[in-house]
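Visitor: I would be grateful for a close look at the aromatic pairs of this model and at the surroundings of one of them.

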Amino acid sequence: MRGLAAMMVFLSHGLGSLTMPDAARSFFFSGPASPFLQPLGAVQLFFLLSGFCLASSASRGGSAGELVQFYVRRVFRIHPTYVFAFLVAWGASFFYLREDPGGGLTPWPFMAWASAHLDGSQILRSLLYPS
């Protein structure tokens with residue numbers, strides 16, 4: 001069910017970003033296909049099921065040591081991926097254009113502030129613990 005919920009969010013974002021005729025857009029977002037493209041409900045379902053899976057996994061351990069082991073495994077499962085994604089995004093921010101080379105507006109409104117760079121202390125704080 002978590003996979004289906006994630007797929008619903010993925011499809012709704014993907015279809016929402018495409019240029020399409022109004023008839024097709026109304027079919028996907030207010031027509032017969034709309035129950036399958038409800039990202040808010042899918043996100044809530046995904047978080048609910050993920051929380052249930054984590055809570056049931058944490059409750060399997062009977063002692064405090066097993067609970068600590070659960071948290072250590074979670075940190076080492078999540079934190080390296082977070083650090084990698086953070087560093088890739090930070091590195092990619094050096095390649096964003098601040099303005100359209102043609103002199104017009106950028107195609108994405110957030111591009112002007114997407115190239116803001118963090119100083120060393122902010123990067124270190126962000127790498128130590130996700131916030």
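**Aromatic pairs and a helix contact**

Guide: In this predicted model, a search of the whole structure finds three aromatic pairs. One of them joins Phe 46 and Phe 47, whose ring centres are 6.1 Å apart. The planes of Phe 46 and Phe 47 stand at 65 degrees, and the pair is edge-to-face, because an angle over 60 degrees is classed in that way. Phe 46 is partly exposed, at 30% relative accessibility, whereas Phe 47 is exposed, with a relative accessible area of 59%.

Another pair is formed by Tyr 82 and Phe 86, with 6.2 Å between the ring centres and 35 degrees between the planes, so this pair is tilted. Both residues belong to helix H4 (residues 64–92), where Tyr 82 and Phe 86 lie four residues apart and are thus separated by about one helical turn. Tyr 82 has a relative accessible area of 23% and is partly exposed. Phe 86, at 17%, counts as buried, because the limit for that class is under 20%.

Tyr 82 and Phe 86 also take part in the contact between H4 and helix H6. H6 spans residues 120–128, and its axis lies 9 Å from that of H4, at an angle of about 150 degrees. The two helices are therefore roughly antiparallel to each other, since angles over 145 degrees fall in that class. On the H4 side, the contact is made by His 79, Tyr 82, Val 83, Phe 86, Leu 87 and Trp 90. H6 contributes Ile 123, Ser 126, Leu 127 and Leu 128. By class, this contact of H4 with H6 has eight nonpolar and two polar residues, and no charged ones.

Technical notes: Residues numbered from 1 in each chain as written. Predicted model: local features only at pLDDT ≥ 70, side-chain atom pairs only at ≥ 80, totals over all residues. Heavy atoms only, no water. Phe/Tyr/Trp six-rings, centres within 6.5 Å; stacked < 30°, edge-to-face > 60°. Buried < 20%, exposed > 50% of the residue type's maximum accessible area, 1.4 Å probe, protein only. Axes fitted to C-alpha atoms, helices over the stretch in contact; angles between N-to-C directions. Parallel < 35°, antiparallel > 145°, perpendicular 65-115°, else oblique. Contact = heavy atoms within 4.5 Å. Nonpolar A, V, L, I, M, F, W, Y, C, P; charged D, E, K, R; others polar.
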